[in-house]
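Thank you all for coming. I would like to talk through a few side chains and how they are paired or packed.

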Amino acid sequence: MSPQTAFILAAGLGTRMRPLTDDRPKALVEVAGRPLIDHMLNRLKAAGAKRFVVNVHYFADRLEAHLKARTDIDIIVSDEREALLETGGGLKKARPLLGDDPIWVANIDSVWLEAAPDGTALEALAKQWNAAEMDAALLVTAMETSHGFDGAGDFFLGKDGRLSFRGDAATAPFNYMGVHITRPAIIDTETDAAFSLSRIWRRIAPQGRLFGTEFTGEWMHVGDPAARDYADKRLNSRSDR
């Protein structure tokens, strides 16, 4: 069953996106005529999410006003105005709002073109999710179909669907696409206020509890103005975005 609740990470400063973020949060930078956060909200809504929790920090008032205008979905704000908490800390702060059932967790700087007719990427991820075997299931894609990503790859993906980190290897074939399914309780043993979810993933991967779903369409990481321009052009060229 597809998760009913989604947590959207929208509190970042978006420094690499300047000057587009000089007067707005990165979540409100537009691609193909639509703010980044709406691209993600709409995809998750289509995938079955009913409740949305969004963290805010940079230009928080402006982002909150935008979210209040989304009367088609139920959105709750997790306020991080006092301090940025990174991805794991943000999830920890929002924990009381999320319940105990599996949830979506998503960044706002990820857009993509689906690989029709194979169904949607989020449908495939939800289909793979198995709480008995998994603590987290990440949407991943091959380096060669990624744009705006300047790293050396994040993961190796086993035939059984389990993920392992690049480690000492020079490169790895798969990138994290910024969307995953997890149990909110995954952060319950963490004591730091600010920390990355990657720290948890590095702990559970050797236990065989970190899984990946391969996306075969075209993924775009919208991290800077050039990447935004590229994504804008690509999404405007397709009607199924």
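I will begin with the charged pairs and then turn to one serine.

A word on the basis: this is a predicted model, in which local features need pLDDT of at least 70 and side-chain atom pairs count only at pLDDT 80 or more, while totals for chains, interfaces and linings use all residues. Residues are numbered from 1 along each chain as its sequence is written, and side-chain values use heavy atoms, with hydrogens and water left out.

The structure holds 21 salt bridges, a salt bridge being a side-chain nitrogen of Lys or Arg within 4 Å of a carboxyl oxygen of Asp or Glu. In one of them Arg-234 meets Glu-218 at 2.7 Å, N to O. Because Arg-234 lies in helix α6 (residues 225–236) and Glu-218 in strand β14 (residues 218–221), this pair ties together parts that are 16 residues apart in sequence; helices (H or I, at least four residues) and strands (E, at least two) are DSSP runs, numbered from the N terminus.

Asp-100 pairs with Arg-95, with the closest N and O atoms 2.9 Å apart. Here Asp-100 is exposed at 60% relative accessible area, whereas Arg-95 is buried at 15%, where buried means under 20%, exposed over 50%, and partly exposed in between (1.4 Å probe, protein chains only).

Finally, Ser-78 sits in strand β5, residues 74–79, and is buried, with a relative accessible area of 3%. Leaving aside residues up to four places away in sequence, Ser-78 touches several residues, among them Val-53, Asn-55, Lys-93 and Leu-97, contact meaning heavy atoms within 4.5 Å.
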